[in-house]
Amino acid sequence: MVKRQKKIVRKLKKSHAWIACLIYFVVMVVAAGVIFTLLSQLGYYIVQSKLSSEYEIIQYMAKTYEKQSEAGTVEMSEGNGTVEREFFVRDKSSEKILCANGENTCSDEGGEVLLTSLSEKVRVYQDANNGYISASGYGTVAIDKKGIWQELKRIKEVNKDTFQKVENSDGKYMDEDGILKIGKTMTIRLPVWMAVEIKEGTQEYIGKAHLEINLADLTVFSMCVAILALLAFLFFIVILVSAIRGVLIQRRMFTMFFTDMATNGHNWMWFLLRGEQFLRKRSSAKDTYAVVNLVFVNYRNFCVCHSIEAGERMLKKVYSLLSSHCKKKEMVAHVSNSNFALLLQFEDMDRLVIRIREILKELEQIDTDHRFGFQVGISSIDIQKNEKDKVVRRKNLDLELEYNNACTARATLSDSEESGVAVFDEKLVEEQKWIDLVTERQKTALEQEEFLVYYQPKYDPGTDQLKGAEALIRWQSDEMGFVPPGRFIPIFEKNGFITEIDHYMLEHVAKDQKGWLDQGYQCVPVSVNVSRAHFIESDLAEQIRDIVDKVGTPHEYIELELTESAFFDDKKALINTITKLKEYGFSVSMDDFGSGYSSLNSLKDLPLDVLKLDAEFFRGDTRGKRGELVVSEAIRLAKSLNMRTVAEGVEEKGQVDFLAEQGCDMIQGYYYAKPMPKNEYEQRING
């Protein structure tokens, strides 16, 4: 899940930035292309319109010449319509010039162009002196833009008092090459020769036309350019603002994505991504770091007693205090609920533990009205070196795995509510592997009956007669060998499989008792442990009754044994179950009496038959010590409540004699017998 989130974050981070830049670039290119096209089309339209007007004049002159030629009245005089501008007529077949007026500067370079306003093709020739206009290879008019800009520049620089003027018939002035025309306005006149066929296509009338560009045209064109430039500028601004806004939104998104809602600080994803990125840098390779899992032990209880809002305020205080203790190259984040993650730099583990304990002291007193507990697990990230003993980067570092190791170390403290510090080592790895192996094998072991029932006899200390026994479990595994109960029972209690074990043991003890009774053995009651987890089931008494009845064992030969810790759960349900079991004919005993803090309270409320004194009562010599008084009073109290007593863990004869004097009913311990396999116990009850 975390790897997928990391991949998504990286993908979003890259794609958003590149997409915004790419879109902005593409839009600018497209917009520039559109503006250039519009300006080109505008300029082309102006040129087309003016050349079309010029061509109409050349056509009129050609028709006039043709009519006068047919009438034989062609006159080269001004005002007759034929000599208003330069022209010449040539025979198309021989290319001989038949008639000419003015200077002939027409070049041989020409081609057909399409004047769209006239919807017809016209043949044009360049002017030999000023060839700014020509026919392109695509059937359109080609204009030397550089030449035009040069003439425009000349308009700006010209002074009519400093260049030679030639007075024209219209009272205006032109420069000596006829390009710049000055009157009321300045005009650029670019020459081009345009041809019209006459005499049924045998002759060609070629007249000199002028593309005139005056200040009015320039003003219109400049206004269009200014408007388009303004629109383009506004468009670019809008796109730029949108791109910047997108980047800012993206940053806010990432800020929110990496922000913890409870503390307003950094969250787990920020810690994971930034931490891995930092630890994999070359600059971090020479330093040793520790990943820390810190748990606010009392957080849930605090929220229950106060409120979720009050709990979150307390989390903010914790986060703030942890942040204040972090140095420049260190990190802290709120992972979830009561969990915090830290990345701390250190040189010596002992000094790091001292530093963390000092932080814990401050955390414990973070609120004046409450004293809290905090537990810490530490996993060190050591310096990595290659074969040449050279420090190398941590390229394959998995920060999530390191944090999980820290959590594993912290879990060793979970049975206590006091503050503490645990450091991860290879023993914890092996322990976790063992837990995984047991969990993986438990169901198969149950199906293959790898669990064995061992019996530990209980004897009357006054007569040394066998009065009972306790059924104890052992595991003979084909894969793991003989496994003592201390290696797997705590695991089953944590993962809930202990309830399956309870049923398994009860069924096998009932079968053994039934078999021995059928063989005529002198059977005694055997106690079977019922785990604390089982008492949450409202029909537990019925389950036990049905298992025993299915085998056919009389109920008086089965005793149910529960630990004192079960009393801390649902008291009402526990009393109800015990009452039903007694009604069904089963005896019920309390194991480990004296190991808890509410033993007398338990005796007051629970209708028990047997009281088992905890083995801790008989560690060492009890005579002449306060322990004698406690044991004797416990036995006397049990008798007053019509309960039998069993002393477990008895190993010495002096202890046996003392218990016999006090009237203890049974003794269970190594003095009489160790737990033994079924066949050995069978010999005892058969003897």
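## Glu 276 and Arg 280

Arg 280 sits in the in-between class: its relative accessible area is 26%, which makes it partly exposed. This is a predicted model, by the way. The side chain of Arg 280 meets that of Glu 276 in a salt bridge, at 3.5 Å from N to O.

## Other salt bridges

Searching the whole structure turns up 24 salt bridges. One of them pairs Lys 92 with Glu 197, with 2.7 Å between the closest N and O atoms. Lys 92 is in the loop between β1 (87–91) and β2 (97–101), while Glu 197 belongs to strand β10 (residues 186–198), so this contact ties together parts 105 residues apart in sequence. Lys 92 is partly exposed at 36%, and Glu 197 counts as exposed at 51% relative accessibility.

Then there's Asp 546 with Arg 545, whose closest N and O atoms are 3.2 Å apart. Both are partly exposed: Asp 546 has a relative accessible area of 43%, and Arg 545 comes in at 25%.

## A positive patch

Arg 282, Lys 388, Lys 390, Arg 393 and Lys 395 together form a positive surface patch. Arg 282 lies in the loop between α4 (268–279) and β12 (288–296), and it is exposed, with 63% relative accessible area.

## Cysteines

With sulfur atoms required to be within 2.5 Å, the disulfide count is 0. Two cysteines count as buried: Cys 99 at 13% relative accessibility and Cys 664 at 5%.

Methods. Residues are numbered from 1 along each chain as its sequence is written. This is a predicted model: local features need pLDDT of at least 70, side-chain atom pairs count only at pLDDT 80 or more; totals for chains, interfaces and linings use all residues. Side-chain values use heavy atoms; hydrogens and water are left out. Patches are made of residues with over 30% relative accessible area and no salt bridge: like charges are joined within 9 Å, nonpolar side chains (Val, Leu, Ile, Met, Phe, Trp, Tyr) within 5 Å. Accessible areas come from the Shrake-Rupley method with a 1.4 Å probe; for residues, only the protein chains shown count as cover. A salt bridge is a side-chain nitrogen of Lys or Arg within 4 Å of a carboxyl oxygen of Asp or Glu. Lys and Arg count as positive and Asp and Glu as negative; His and the chain ends are not counted. The place of a charge is taken as NZ of Lys, CZ of Arg, CG of Asp or CD of Glu. Helices (H or I, at least four residues) and strands (E, at least two) are DSSP runs, numbered from the N terminus. Buried means under 20% relative accessible area, exposed over 50%, partly exposed in between (1.4 Å probe, protein chains only).
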